[in-house]
Amino acid sequence: PYQFAVLDTPIENAFAAPGGFIYVTRGLMAMMNTEAELATVLGHELGHVNARHGAKQMTRTLLLLGGVVLASALSEDLAKVAPFVMAGLQIFFLKYSRQDEYQADSLGVQYARVAGYSPNQMVNFFYSIRRLEESACGFRLPNFLSTHPLTAKRIEEVQQMLTSDDAQLKVERNGFLRSIDGLVYGDDPRQGYVEGNAFYHPTLKFYFKIPEGWKIMNTPKQVILATEDEKAIILLTAEQSGEGLETHLKGKLTRFSDSEVTELSRDTLSINGLNAFKGSFHVRPKSKETEKQTEESESSQEAKTVALELDCIKKDQHIYTFTGYASAQDFPSYED
């Protein structure tokens, strides 16, 4: 059973996931001009699934990774580079081979044709992707191109599959454009945006001021703020939780279980009428030295100490956590 969905991301891509899940991003939808273009893209992804390209890649990857693990067990030199080799192999196999792309294109043309859509529109879509690449002057590679390499040979192969009757099949331009009218292009401001010196989230209904001179990056999981030299960083996360704020803060500290954590202070606060809880800590790597540490090793440990501040704020059903990091030496200058 197949399932289809549009992913709410500005990245231009389409892909198939194990289990019959076919995804197209809104970034790619915004580049399409006809329903037939969408049909050929979906057909292409179905082609990858039905030809078992993803499954074959996974098998090849697992076999090669198993070989690397075995080799690293037999050789200490190989064991040192094994993690890098394994990461490289996994990245390498994210892409389909040219032969896989040709076969998926062929199946996509057939599927569109049988469904009554003009497969000619696949070529039009490829040219749109090419224009996007050319207009970027080499600075921006569409994600679709990185996962589905597009060559002149590939376009020629598709053109040779087309017949004179294909031009008579359904295109549906106007209806498709009406259906995507109002689609957000680029970053969605409903997921948060910066205006002036503040970050606003219209859906969750909050805003906070950005420290002067700090950089900000908004991702689906967290908002990241950092100084230009990245000596201080603040992360904002939001989680649905019925926990008490102090319990929630303790849970956040579990990620530092491999380090020595020294508590400096804990305080209950009220921020704009909202309940909040603040904790300040020093975090440093667990010492492997004996009690007879030299002054040099102690100063080295002190240099590795990170000052950490956690501010948990309760609003409606969410707990918002600001996590601030800086070296213990630099933290006082950023504390405000």
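Me: Is the crossing right-handed or left-handed where α2 passes α5?

Reply: First, this is a predicted model: local features need pLDDT of at least 70, side-chain atom pairs count only at pLDDT 80 or more, and totals for chains, interfaces and linings use all residues. Residues are numbered from 1 along each chain as its sequence is written, and side-chain values use heavy atoms, leaving out hydrogens and water. A crossing is left-handed if the near helix is turned anticlockwise from the far one by less than a right angle, and right-handed if clockwise. For α2 passing α5, the crossing is right-handed.

Me: How many helices and strands are there in the protein?

Reply: Both are DSSP runs numbered from the N terminus: helices are H or I, at least four residues, and strands are E, at least two. Going by that, the protein has 12 helices and 13 strands.

Me: What do you call the way α2 lies to α5?

Reply: Their axes, which are lines fitted to C-alpha atoms (for helices, over the stretch in contact), come within 7 Å. The two cross at roughly 125°, with angles running from 0 to 180 degrees between N-to-C directions. Under 35 degrees counts as roughly parallel, over 145 as roughly antiparallel, 65 to 115 as roughly perpendicular and the rest as oblique. That makes α2, relative to α5, oblique.

Me: By class, how many residues of each kind does the contact of α2 with α5 have?

Reply: Contact here means heavy atoms within 4.5 Å. On the α2 side you'll find T40, G43, H44, L46, G47, H48 and N50, and they meet α5 residues including D100, L107 and Y111. Ala, Val, Leu, Ile, Met, Phe, Trp, Tyr, Cys and Pro count as nonpolar, Asp, Glu, Lys and Arg as charged, and the others, Gly among them, as polar. The tally is 5 nonpolar, 7 polar and 3 charged.

Me: What about α6 and α8, roughly parallel or roughly antiparallel?

Reply: These two pack at about 165° with axes 10 Å apart, and α6 passes α8 in a left-handed crossing. M122, V123, F126, Y127 and R130 in α6 meet A152, R154, I155, V158 and Q159 in α8, giving 7 nonpolar, 1 polar and 2 charged residues. At that angle, α6 and α8 are therefore roughly antiparallel.

Me: Is Q317 buried or exposed?

Reply: Buried means under 20% relative accessible area, exposed over 50%, and partly exposed in between (1.4 Å probe, protein chains only). Q317 is found in the loop between β12 (306-315) and β13 (318-327) and touches E239, Q240 and S241, not counting residues up to four places away in sequence. With a relative accessible area of 56%, Q317 is exposed.

Me: What is the phi of D316 near?

Reply: D316 is found in the loop between β12 and β13. At 60% relative accessibility, D316 counts as exposed. Its phi is positive, in a residue other than glycine, and near 55°.

Me: And what is the phi of K205, about?

Reply: K205 is found in the loop between β5 (198-201) and β6 (206-209). K205 is exposed, with a relative accessible area of 64%. Although K205 is not a glycine, it has a positive phi of about 60°.
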